[in-house]
Amino acid sequence: MLPRSLPAIIAALLLGCAAGQAARAAEGAVLLSATAPGYAPGMVLAPGERLRLPDGASMTLLLRSGEMLRLRGPLETRFDPTLPGGQEGSAAALAGAFRLRGLDASAIGGTRATLGRRSPPPADIAVETDRSGTWCLRPADTVWLLRPAAERTEIALRRRGSLRRLAWPAGAARIEWPGDLTIEDGDAFEVMAEGQARGEIRGEIRGQVLATLTFRVLATPAPSEAAALAQGLLLGCREQHEAALRRLARASLPPELWLSTERGRSPVYAPAEAIGLVAMAGQDGWLYCVSARSDGGVVAVFPAGAVGGARLPAAAPASLSAQRQSLALRAGPRGTERVRCWLAERDIGPALPPALLDASGTPLPDGLAEALDGIFEAAGGPRLARAALEIRVE
């Protein structure tokens, strides 16, 4: 429960803000995962926002309902979370509407089952007092204020000209939100530091502002934990829900990997010309790549010699030869060259044959080159992602 009298106060305020807040929270969708440059988990996509996905890239959207919608490129369109009649669409209905426009879209099931069908239980909301942020609250939640990292002679909360002083008992890392200090939807409290906070000059309370704490009060109960997560992110409580968003993505989506070059997905290179390979993962992972040339030679190209090893962060397009200084990939003889990559959830380098990590550029033995899929499947497990890219050399 929120401290002492606060639940009753908030309950009365909810009645007046429920309709307006529900309309605001209904707008847009939350990006759950993406393998397209320019997009990152947690981004809010507003209605009418233009979406651009290159060939082979994908994004998965978390709707306010808690359902998920996957879109795959090539795609360039405007995002509209409503159906032609103006009603908010389910993931299945929206996927159908996108497909009628010739786009690759699908609804992903299992979100409600993954995070539970019930509204999330009451939570302890820990608020940092020396860092600005936005927090979403429900009537049954408990708000705790964390002690500032730096010791201060005095800390106070300021809102609309009023000041409320705070004190942490010796050794206490947090204190409960003052029960006589109401929180309304959209309230912003300034955290004031030092003894200056008590002084008033010309009727104004002044002092050093450490942070601004903004609160959103969730008036409408969410039907599931996934829906509550979407609602909170749509209302701006991103940092509060980032960890839960990552857990949802991992529990609900298979890992995805996208490959391209600095010349796109259908590039043409001259023999011996340097190839700029670009990779992007939907979730954090470890990347391993080889290149099979038209003459039959197969060479390990990543992470051979790469700074930082094989690790590839989610939603961060990496130019493998430039940013990571891996073994330079150069086009082989004329014909078709095929780059193949595998993305594992953990570092599987110790379980791989040393030749796959060799930075010398020596072609792999024939037997090893032919057994790559089996080797990576055995080391990477069932959540291994794969991607391939064909390069024309002429």
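This briefing walks through the disulfides and some of the salt bridges in the structure above. Keep in mind that the model is predicted. A search of the whole structure turns up two disulfides, and the salt bridge count comes to 25. In case the term is new to you, a disulfide is a covalent bond between the sulfur atoms of two cysteines.

**How the cysteines pair up**

- If you number the bonded cysteines of the protein in sequence order, the pairing reads 1-2, 3-4.

**The Cys136–Cys237 disulfide**

- Cys136 is joined to Cys237 by a disulfide, with an S to S distance of 2.0 Å.
- This pair links distant parts of the chain, 101 residues apart: Cys136 is in strand 9 (residues 133-137), while Cys237 is in the loop between helix 4 (225-234) and helix 5 (238-252).
- The link of Cys136 and Cys237 is right-handed, with 85° about the S-S bond.
- Are these two cysteines buried or exposed? Both Cys136 and Cys237 are buried.

**The Cys289–Cys341 disulfide**

- Cys289 and Cys341 form a disulfide too, and their sulfur atoms sit 2.0 Å apart.
- Cys289 belongs to strand 21 (residues 285-292) and Cys341 to strand 25 (residues 335-344), so this pair ties together parts that are 52 residues apart in sequence.
- The link of Cys289 and Cys341 is right-handed, here with 110° about the S-S bond.
- Cys289 is buried, and Cys341 is buried as well.

**Salt bridges between two residues**

- Glu190 and Arg158 meet through their side chains in a salt bridge, at 2.5 Å from N to O.
- Glu190 lies in strand 14 (residues 188-193) and Arg158 in strand 11 (residues 155-159), so the pair ties together parts that are 32 residues apart in sequence.
- Glu190 counts as partly exposed because its relative accessibility is 25%, whereas Arg158, at 17%, counts as buried.
- Arg131 and Glu128 also have side chains that meet in a salt bridge, at 2.5 Å from N to O.
- Arg131 is partly exposed, with a relative accessible area of 31%, and Glu128 is partly exposed too, with 29%.
- Arg138 forms a salt bridge with Asp141, and their closest N and O atoms are 3.3 Å apart.
- Where Arg138 and Asp141 are concerned, both partners are buried.

**A salt bridge network**

- Which residues are linked in a network of salt bridges? Arg50, Arg52 and Glu76 are.

Technical notes. Residues numbered from 1 in each chain as written. Predicted model: local features only at pLDDT ≥ 70, side-chain atom pairs only at ≥ 80, totals over all residues. Heavy atoms only, no water. Disulfide = S-S within 2.5 Å. Helix = DSSP H or I, 4+ residues; strand = E, 2+ residues; numbered from the N terminus. Buried < 20%, exposed > 50% of the residue type's maximum accessible area, 1.4 Å probe, protein only. Salt bridge = Lys/Arg side-chain N within 4 Å of Asp/Glu carboxyl O.
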